[in-house]
Amino acid sequence: MGNRRRTLRLATLPLLLSIGACQITWREPVIEPLNTNRFFDADLAQTCDAAEQVVQQIGLEVEDMQREDNACLLETDFKVFSDEGENPMDHLGRVAMVGVGGFIGGRYTLTVTTRDVRNAGTRVRVTSRIEGYVNEEFGYQVLRSNGTIETAVFDAIGTQLGEPAQQAR
């Protein structure tokens, strides 16, 4: 019996040592950066007006708007996610990469920048800041957008202008 135990221990030792040499790695999926720039074949005033109308249709309030000769900047107040209804833009989990975070609410704000392009037309950049609320201790945490809000804004601006957006660099 003692000899058998000793043989079992000796046979088990290399197995245990080889398990220690194994390494389990977790690879996060590659997250492609969002292209939040689009080109519209319209003048600056039309595109800026369309962006303002779209933001208001979404239910956001314009906090600040600055128009200059070759650019337009529009910033909104925060909108709170309701997590009700069919519209994906009302659900935190559908517009942001939330992972396994235990968020109990959230909000977002938009910045829309419109610039003249030399060859005629305008370049529009939409940036969303999405925050998920955890609890009183941690407060709001900034989350990465999955592009749903930005795409909806670009599509709506294209509808207002009567033409689809084109990818811009």
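A residue is called buried when its relative accessible area is under 20%, exposed when over 50% and partly exposed in between, with a 1.4 Å probe applied to protein chains only. By that rule Cys72, at 3% relative accessibility, counts as buried. The structure is a predicted model, in which local features need pLDDT of at least 70 and side-chain atom pairs count only at pLDDT 80 or more, while totals for chains, interfaces and linings use all residues. Residues are numbered from 1 along each chain as its sequence is written, and side-chain values use heavy atoms, with hydrogens and water left out.

**Overall make-up**

- The protein chain has 4 helices and 9 strands, taken as DSSP runs numbered from the N terminus (helices: H or I, at least four residues; strands: E, at least two).
- Read from the N terminus, the order of elements is α-β-α-β-β-β-α-β-β-β-β-α-β.
- Of the 169 residues in the protein chain, 32% are buried.
- Among contacts (heavy atoms within 4.5 Å) in the protein chain with a separation of 6 or more, 63% are between residues 24 or more positions apart.

**Disulfide**

- The structure contains 1 disulfide, meaning a pair of cysteine sulfur atoms within 2.5 Å.
- Cys48 and Cys72 form this bond, with an S to S distance of 1.8 Å.
- Because Cys48 sits in helix α2 (residues 44-58) and Cys72 in strand β3 (residues 71-76), the pair ties together parts 24 residues apart in sequence.
- Cys48 is buried, at 2% relative accessibility.

**Packing of α2 and α4**

- The axes of α2 and helix α4 (residues 148-161) come within 9 Å and cross at roughly 125°; axes are lines fitted to C-alpha atoms, for helices over the stretch in contact, and angles run from 0 to 180 degrees between N-to-C directions.
- The two helices α2 and α4 are therefore oblique to each other (under 35 degrees is roughly parallel, over 145 roughly antiparallel, 65 to 115 roughly perpendicular, the rest oblique).
- On the α2 side the contact includes Gln46, Thr47, Ala50 and Val54, and on the α4 side Val153, Ala156 and Ile157 are among the residues involved.
- By class, the contact of α2 with α4 has 8 nonpolar, 5 polar and no charged residues; Ala, Val, Leu, Ile, Met, Phe, Trp, Tyr, Cys and Pro count as nonpolar, Asp, Glu, Lys and Arg as charged, and the others, Gly among them, as polar.

**Thr36**

- Thr36 is in the loop between α1 (2-21) and β1 (37-40).
- At 11% relative accessibility, Thr36 counts as buried.
- Neighbours within four places in sequence aside, Thr36 contacts Val124, Arg125, Val126, Glu150 and Phe154.
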